[in-house]
Amino acid sequence: MTKNLIIYYSRRGQNYVNGEIVDLPVGNTEVIVNFIRECIDADTFQVETVKDYPEDYMETTEIAQQELDDDARPELKNELNDISQYDTIIIASPNWWGTLPMALFTQLEKLDFTGKTVKTVITHEGSGLGDAMDDIEKLCRGADIREGLKIHGAEVQDSKGMIERWIE
Ligand SMILES: Cc1cc2nc3c(=O)[nH]c(=O)nc-3n(C[C@H](O)[C@H](O)[C@H](O)COP(=O)(O)O)c2cc1C
């Protein structure tokens, strides 16, 4: 049987949805992760930074932009070192400034993706996948990287059917 691992990042709290700041009790990407787990057996690993981002959305975007400009590698609470027992790695992430949050760079570049299948789902507020797939190509060398799925933040709650078809 195929062994699946979901590696994801998601930030609860203030976010920008359809042009408005709203407070998300569960982050958009985490909603998707929960749907994936209803469709397939999968272990999960949540990437979390030691330093929390501010509650405020705009402040978070400013810090995130600086991290992208600096090509930063934010420190993580826990790091995954070994994915050898898994066949398929599902990467679930928000689009931050056109790519993955830098915390996912910290995590993904530590792993050996040789021979793995990688499926990516990105939630976004208009930019779709952006450059995320180009960065995943670089971060997950040696993997069979499948076409990414993009889901608009405002539509995550209605996306279970789409997730079901994509994950098969
Ligand atoms: C720091 C930051 C940067 C963002 N940059 C973009 C962006 O460049 N393009 C875009 O479409 N959405 C952007 N967004 C919106 C998120 O991608 C979107 O709200 C996503 O669904 C959030 O997922 P989460 O709730 O799981 O963290 C950004 C959000 C944050 C917090």
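Two strands count as paired here when DSSP finds at least two bridges between them.

## Ground rules

This is a predicted model, in which local features need pLDDT of at least 70 and side-chain atom pairs count only at pLDDT 80 or more, while totals for chains, interfaces and linings use all residues. Residue numbers start from 1 along each chain, following the sequence as written.

## The overall picture

The chain comes to five helices and eight strands. Both kinds of element are DSSP runs numbered from the N terminus: helices are H or I with at least four residues, strands are E with at least two.

As for dimensions, the C-alpha atoms fill a box of roughly 45 × 35 × 25 Å along the principal axes. The radius of gyration is 15 Å, which agrees with the value near 15 Å for a compact globule of 168 residues; it is taken over C-alpha atoms, and the globule rule is 2.2 Å times the number of residues to the power 0.38. Of the contacts with a separation of 6 or more, 80% are between residues 24 or more positions apart, a contact being two C-beta atoms, placed from the backbone, within 7 Å.

Let's zoom in on β6 (residues 117–124). Seven of its eight residues are buried, so the strand is largely enclosed by the rest of the structure. Buried means 20 or more other C-beta atoms within 10 Å of the residue's own (exposed is 12 or fewer, partly exposed is in between), with C-beta atoms placed from the backbone. Across the chain, buried residues make up 32% of the 168.

β6 runs parallel to β5 (residues 88–94), joined by seven bridges, with Ile89 opposite Val118.

Two bridges link it to β7 (residues 144–145), where Asp144 is the bridge partner of Thr117. Four bridges link β6 to β8 (residues 149–152), where Leu149 stands opposite Val121.

## Around the ligand

The ligand has 23 residues around it, and Ser10, Gly27, Thr29, Pro94 and Thr123 come nearest. To be near, a residue needs its C-beta atom, placed from the backbone, within 6 Å. β2 (13–17), α1 (28–39), α2 (57–69) and β6 each give two or more residues to this shell.

By type, the shell has six nonpolar, 14 polar and three charged residues. Nonpolar covers Ala, Val, Leu, Ile, Met, Phe, Trp, Tyr, Cys and Pro; charged covers Asp, Glu, Lys and Arg; the others, Gly among them, are polar.
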